[in-house]
Amino acid sequence: MTSPVPAGPRIGLFATCLMDSFRPSVGFAAVKLLEDAGCTVEVPAAQTCCGQPALNSGDFATTRRLAKQVIETFAGFDYVVGPSGSCMATIKNDYPQLFADDPQWREKAEDLSRRSFELLSFLTDVLKVDRVKARFEGTVTYHDSCSGLRELGVKAQPRKLLATVEGLKLSEMQDAETCCGFGGTFCVKYPDISEKMASDKVANIEASGAGTLLGGDLGCLMNIAGRMKRLGKPVRVFHAAEVLAGMADGPGLAEPEVR
Amino acid sequence: MQVLSPQFKPRATLALKDASLQAALGKARGGFVDKRAAAAAELPEFEQLREEAKAIKEHTLDHLDFYLERFEERVKAQGGQVHWARNAEDAQRIVLEICRKANAKTVTKGKSMVSEEVGINEVLEQEGIEVIETDLGEYIIQLAKEPPSHIIAPAVHKTKAQVSELFHAHHSKLGLTKVLTEVADLVNEARQVLRGKFFRADVGITGGNFLVAETGSSIIVTNEGNGDLTQTLARVHIVTSGIERVVPTLDDATTFLRLLARSATGQETETYTTVSSGPRRPGDPDGPEEYHVVLVDNGRSKMLAGRFREMLRCIRCGACMNHCPVYGAIGGHAYGWVYPGPMGSVLTPLFVGLDAAYDLPNACTLNGRCQSVCPVKIPLPDLLRELRHMQHEAKLSPWYQRAALAAWGFVASRPRLYHALTGLAVRALGWLGRGRGRFGYLPLASAWTKGRDLPAPQGKTFQEAWRERRGKSS
C-alpha cells in the first residue's frame with residue numbers, strides 16, 4: 001500500500017449511528033485503513049444519522065430534514081466514506097430521489113452522492129488498495145448485507161482485501177446473499193419473522209464451519225450476533241474493517257470485555 | 001375472496017409454527033431459486049431481454065387505449081367477443097351471463113389469478129354450476145377449500161402427505177380407494193378424475209398470460225396441458241385477463257415468453273404455450289364455438305395514472321416471492337388475499353385499502369432481492385416504501401411508532417443534544433453490559449431481545465472516543 005500523493009484526499013468519515021453507539025472500534029478501524037491508504041480523515045461533530053429509519057417508515061419530511069443536515073455537514077470533503085453499505089446507499093441513491101422536486105437541493109444531493117462511498121469498496125475501487133497488512137488466524141465466512149450488495153455492488157471488494165490477510169481462510173456459506181432478517185425497524189416490528197430469518201442465517205454460518213462471521217454492516221451483524229448468542233453458538237462476529245485493520249484482537253460483537 | 005390481510009401478524013406467527021408448512025416451504029425455496037439462477041446464467045442475453053421487456057411494457061402502457069382497442073377489433077374480426085369489466089362485480093356478471101346463455105352445468109378452469117381476484121368461482125357455484133379447477137395445484141386447493149398461496153404454484157404450501165390424504169378423502173367416493181404415496185401416482189389419479197370433467201364441460205375459463213393486439217390472440221402457458229383441454233374441449237371458451245396483459249405484437253410476446261418460464265420455474269420454456277385466436281373456424285378439427293375475452297380493469301386504469309404505474313408491467317411469474325425471504329419464512333396465506341409476496345404487498349393495499357393491508361408493505365426488509373430478479377425490473381422496494389409513505393401521511397401507523405419516530409427525528413436533527421443523549425445511554429448500557437457483553441432482556445427493547453441478545457456498547461460513543469484521542473480537530 002502506498003500513498004501516491006503527499007496530501008491524500010480529505011475524507012469526511014460518516015460515523016453511522018450504530019457504529020457510533022455500539023461499536024466505535026469499527027470507526028477506528030475505518031480511520032486506520034483510510035489513513036494507511038494516504039487519506040486525511042476528519043469526523044464532523046455535526047452528524048447524527050443518515051435518516052434511514054425515517055425513510056423506511058415513510059416519513060419523507062423528517063428524512064429530508066436529516067438529509068439536508070448530512071449534505072451541509074459533509075460539504076467540502078473530497079469524499080464521504082462510511083463503514084456501512086446501508087447508510088451509504090441511502091446517501092448515494094435515495095437522497096437525490098428525495099429532492100426530485102427541489103432543484104437546488106437536488107443538485108447538492110447529487111454532488112454528495114458522487115462523493116459518497118461505502119468503506120470497503122472505496123478502498124479497492126477508488127483508492128486502488130489491493131492488499132492490507134494484517135493478520136487473523138482462523139476461518140471466516142462473509143455475510144453480504146443486502147443494501148451494500150444490491151444497491152452499491154459490494155461483493156468482490158471485501159473478499160479481495162480479506163484474501164490478503166495473513167492466516168485468514170474464507171469459507172463461503174450457503175445463501176450468503178440472503179437477508180438476515182434485520183431490515184432496520186423490521187426486526188422489531190416483525191420480531192417473529194425476523195427471528196426465523198436470523199435462525200436460517202445462523203444455520204448457514206454454522207454449516208460453513210467458520211469460527212468467525214464477517215460483514216460490512218453493523219445492523220446485520222448485531223442481529224446475527226444477537227441470535228447466535230441466544231442460540232448459544234460459539235461463532236465470533238466482527239466487522240470486516242476490524243479484521244482488515246488488524247484490530248480484531250479484542251472482544252467480538254456481544255462478547256464480554258475479557259474472554 | 002375474503003380479505004384476511006388485517007390478520008397478517010397472527011397468521012404469520014401461526015405459519016412460523018406450522019411444521020408441515022415449513023417443510024413444504026423449505027423444499028420449494030431452494031428449487032425455484034437455483035433453477036432460475038441456472039436458467040438465467042445459460043442465456044447470455046437474459047439481462048438484455050429484461051431491458052427489452054421493460055421497454056415493451058412501458059411503450060404499451062403509454063398507448064394502452066390504442067392497443068386494447070386494436071385487440072378488441074382483431075378479436076371481433078375473428079368472430080370472438082370482447083367484454084369490458086370495470087370492476088369485480090362487472091366481471092362476475094359478465095362471466096355468469098355467458099355461462100347462463102350457454103346453459104352451462106359444468107365449467108372447467110385453467111389457472112387464472114384474475115378470476116381469483118374478481119371471485120368467479122363463488123358466483124358460478126351459487127348459480128348451481130359445478131366449477132372444476134384443472135391445474136393440479138389449483139385442483140388440490142379447491143379440494144382443500146383453500147385459497148392459492150403462490151401465483152404460479154398455488155399448492156406449494158402442501159406436502160405430499162397432505163395431498164395424499166386429501167385425494168384419498170375425495171377420490172374414495174369415486175371408487176378410487178387406494179392410498180397413494182408416490183407423486184407420479186397422485187398426478188395420474190388427478191388426471192384420471194379430471195379427464196372426464198374436461199369432456200363434460202360446457203364452458204372452459206382460462207386466464208391470459210398475454211393478449212396480442214396485432215393478432216387478437218390470447219396466449220396461455222402451462223406445464224400440464226390442462227389449459228389446452230379447458231379451452232378446446234368446452235363449447236365456450238372465456239378468457240379472463242387484466243387490461244395490462246396486452247402486448248403489441250406476437251414478436252413482443254416471444255420476448256416475454258423467453259423471460260417468463262426462466263423467471264418462474266427456471267425452465268427454458270413451459271411445456272405448453274398455446275395461442276388462441278377466436279372460435280373454431282369452418283374446417284378446424286376442434287376448438288370452442290364461442291370465444292370471449294373479459295378485460296378486467298378493477299383499479300388498473302387508476303394505477304396507470306398514478307405512482308404505481310410500474311406495477312402494471314408485472315407478468316405474474318412469481319420470481320419475487322420465490323426470492324423473498326419473508327415469503328420464504330411465512331408462505332403465501334399470511335398475506336391474506338389473492339396476491340402474496342412482494343408483488344402482492346404492492347397490489348393488495350391498492351386493491352383492498354392501505355389500512356386493511358397495513359402490514360404488507362411494512363413486513364419487508366427492503367433487501368431488494370425481488371427487484372434484482374424481476375424480469376421487467378419493477379422497483380418493488382421503492383413502491384413498498386411509497387406505500388409506507390402514504391400510510392404515514394394518512395396516519396395509519398400505530399401512534400406509538402409515530403411518536404417514537406417524531407422524538408427520534410427531533411433529537412437526530414440536533415447534533416449536540418443527540419451526542420449528549422447517546423453519550424449517556426451508551427455509557428450506562430456499556431457499564432451494565434460489561435460483564436456479559438450483551439443483554440438477554442432490556443426494558444423498551446423487548447421486541448429485539450425476544451428472540452436475540454442485544455450486543456452491549458463498548459462504553460463510549462465513537463464521537464466521544466475520537467475527540468479524546470484526536471482533540472477537537474474537526
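Within helix α16 of chain B, the buried residues are Gly341(B), Pro342(B), Met343(B), Gly344(B), Ser345(B), Val346(B), Leu347(B), Thr348(B), Pro349(B) and Phe351(B). The model is a predicted one. Because 10 of the 12 residues of α16(B) are buried, this helix is largely enclosed by the rest of the structure. The cover over these buried residues includes α14 (319-322), α15 (325-330), α17 (359-362), α18 (369-373) and α19 (380-393), which belong to chain B.

The length of α16(B) can be checked against its residue count. Helix α16 (residues 341-352) should span 16 Å at 1.5 Å a residue, and its end C-alpha atoms are 16 Å apart, so the two values agree. After the helix comes Gly353(B), with a positive phi near 115°.

The account now turns to the contact between the chains. Chain A contributes 61 residues to it and chain B contributes 53 residues. On the side of chain A that touches chain B, the elements giving two or more residues are α1 (17-22), α2 (24-36), α3 (52-56), α4 (60-73), α8 (146-152), α10 (186-189), α11 (191-208) and α12 (218-230) of chain A. By class, this side of chain A has 30 nonpolar, 15 polar and 16 charged residues.

One residue of helix α8 of chain A is Glu151(A). Between Glu151(A) and Met247(A), 96 residues apart along the chain, the C-alpha separation is 28 Å.

Conventions. Residues numbered from 1 in each chain as written. Chains lettered and ligands numbered in written order. Predicted model: local features only at pLDDT ≥ 70, side-chain atom pairs only at ≥ 80, totals over all residues. Contact = placed C-beta atoms within 7 Å. Helix = DSSP H or I, 4+ residues; strand = E, 2+ residues; numbered from the N terminus. Nonpolar A, V, L, I, M, F, W, Y, C, P; charged D, E, K, R; others polar. Expected span 1.5 Å × (residues − 1). Buried ≥ 20, exposed ≤ 12 C-beta atoms within 10 Å, placed from the backbone.
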